[in-house]
Amino acid sequence: MKESGYNKFSSISRQVGSYFRLAEDKGYTVSNILIVSPEFSNDFITDCELDVVLNLTLLTASSLQNILDSFKKSNKHKQFPHKLLMRDVLIQEDRIIK
């Protein structure tokens, strides 16, 4: 939730942007940045959708846990198909679990 005069997304994007530049300066290619949090406000999600530089993906902690539990029970994949986490701004766990 945005507070007047303060945008939490702006501080997070500055911090993540700093990590992004540091990794690229070391010769790494960053294709996607995954942020895990207990929850995300609608404003935060919208701001992430509008950020075209960092290529951010958001995942709630509970969704991450549910995805992990489903993956452990499944025999379909030997290795987690991590590219599934790079499709949307906000990961919908039911789409991944399928």
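A residue counts as buried when its relative accessible area is under 20%, as exposed when over 50%, and as partly exposed in between. The legends below describe a predicted model.

**Figure 1. Overview of the predicted model.** Four helices and two strands make up the protein. Along the sequence they follow the pattern α-β-α-β-α-α. The C-alpha trace spans about 50 × 35 × 15 Å along its principal axes. The protein has 98 residues, and 28% of them count as buried. It exposes about 7,200 Å². Carbon and sulfur atoms supply 52% of that area. Take the contacts between residues at least 6 apart in sequence: 55% of them join residues at least 24 apart.

**Figure 2. Packing of helix H1 on helix H2.** H1 covers residues 8–25, and H2 covers residues 42–50. Their axes lie 9 Å apart, and the packing angle is about 45°. The two helices are therefore oblique to each other. H1 passes H2 in a right-handed crossing. On the H1 side, Lys8, Phe9 and Ile12 make the contact.

**Figure 3. Asn55, with a positive phi.** Asn55 sits in the loop between H2 and strand E2, which covers 56–60. Its phi is near 55°, a positive value in a residue other than glycine. Most residues other than glycine have a negative phi. The relative accessibility of Asn55 is 38%, so this residue counts as partly exposed.

**Figure 4. Leu85 in the loop between H3 and H4.** Helix H3 covers 61–73 and helix H4 covers 93–97; Leu85 lies in the loop between them. Is Leu85 buried or exposed? The cut-off for buried is under 20% relative accessible area. Leu85 has a relative accessibility of 12%, so this residue counts as buried. Beyond its neighbours within four places in sequence, Leu85 is in contact with Leu34, Thr57, Phe80, Ile91 and Ile96. The view also marks Ile35, 50 residues away from Leu85 in sequence. The C-alpha atoms of Leu85 and Ile35 are 11 Å apart in space.

**Figure 5. Leu64 in helix H3.** Leu64 is found in helix H3. Which residues does Leu64 contact, leaving aside its neighbours within four places in sequence? They are Val36 and Leu59. With a relative accessible area of 36%, Leu64 is partly exposed. Gln92 is 28 residues away from Leu64 along the chain. The C-alpha atoms of this pair are separated by 9.9 Å.

Notes:
Residues numbered from 1 in each chain as written. Predicted model: local features only at pLDDT ≥ 70, side-chain atom pairs only at ≥ 80, totals over all residues. Heavy atoms only, no water. Axes fitted to C-alpha atoms, helices over the stretch in contact; angles between N-to-C directions. Parallel < 35°, antiparallel > 145°, perpendicular 65-115°, else oblique. Left-handed = near helix turned anticlockwise from the far one by under 90°. Contact = heavy atoms within 4.5 Å. Buried < 20%, exposed > 50% of the residue type's maximum accessible area, 1.4 Å probe, protein only. Areas by Shrake-Rupley, 256 points an atom, 1.4 Å probe, with all protein chains shown as cover.
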